[in-house]
Amino acid sequence: MVRGLLLGGAVAALFSSALPAQADSPFEDPPPDKIVIKVATVNGSGCPAGTAAVAVSPDNTAFTVTYSDYLAQVGGGAPSTAFRKNCQLNLIVHVPGGFTYAIASVDYRGFASLQRGASGVEKASYYFQGSPDTAARTHTFNGPLEDNWQATDETDWAQLVWAPCGVERNFNINTELRVNRGSSPASSTSFMTMDSTDGDISTIYHLAWKECPEK
C-alpha cells in the first residue's frame, strides 16, 4: 500500500565550509576508486535502532538510505507525540584522493493518507560537520490525499558547492515528517510515511564529482 515520495534536495547553500566550485566543468565520471559511506550515528523517532541502512551505488554516483519504520500520524487515537517523526543521519564519507563531491539532488519516496482539512509536511536539512549553515527543503501536502507523494529538487551545475579537498567531514542529514490535523475530525486518522510496498523507503542522494586542483 505504501510507496513513494521523491524529494530531490539540490543542496547549493548547504556547504558553507566547502570550497567554491571551480570555473571548469565538473568531473562527469565517478573516480576509479570507491567512495566509502558509513553511518556514524542514527538518531530519531523515525529511525529506531536497526531500521535505517546506507548503500552506495555500483558506479559511486549515488547512495541510498533505506528506512523501514518511519511514520507520522495524528487523530483516531494516535499518541499525541506521533504527529512528528524525524531522523538524524550522521555519515562518514571517505572520498578517494584527488577527488571531491557535491550533492546534486535528492530523491525521497513516501505515501500520504490525509483527511480533508489535514496537511502533511516533509522537511530535510543538510550540512557538513563544522559548517555554520544549513540548507533546508520543505514540501507541504494538503488533504484530501490518499496516494504516493513525490517531489524533486535539483541544483544547477554552476551552483554546486563542493566538499573540501583533502578533508573528511561528517555529513549530516536531518529529515522530518509532520502531520497536522487542521480542521479534520479528531476521530479520523491522517498519516504520512516514508515507506514502500516492500516495507522500505529508498532515499537516494545523487553525487556529482570533480577532480581536486593540484597543489
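The model is predicted, so local features need pLDDT of at least 70 and side-chain atom pairs count only at pLDDT 80 or more, while totals for chains, interfaces and linings use all residues. Residues are numbered from 1 along each chain as its sequence is written, and side-chain values use heavy atoms, leaving out hydrogens and water.

Start with the strands: the protein has 14 of them and zero helices, where strands are DSSP runs (E, at least two residues) and helices are runs of H or I with at least four, numbered from the N terminus. Of its 215 residues, 48% count as buried, meaning under 20% relative accessible area with a 1.4 Å probe, protein chains only.

Now look inside. The largest nonpolar core holds 36 residues, and F63, Y101, F171 and I173 touch the most other members. Such a core is a set of buried Ala, Val, Leu, Ile, Met, Phe, Trp, Tyr and Cys residues joined through side-chain atoms within 4.5 Å. Among the elements that give two or more residues to this core are β3 (62-67), β6 (99-107) and β12 (171-180).

Finally, turn to the largest pocket, which is lined by 20 residues, with F99, P164, C165, G166 and V167 nearest its centre. A pocket is an open set of points on a 1 Å grid over the protein atoms alone, where a 1.4 Å probe fits, with protein on both sides within 12 Å along at least five of seven lines; lining residues have an atom within 4 Å of a point. The largest share of this lining, three residues, comes from β6.

Conventions
Buried means under 20% relative accessible area, exposed over 50%, partly exposed in between (1.4 Å probe, protein chains only).
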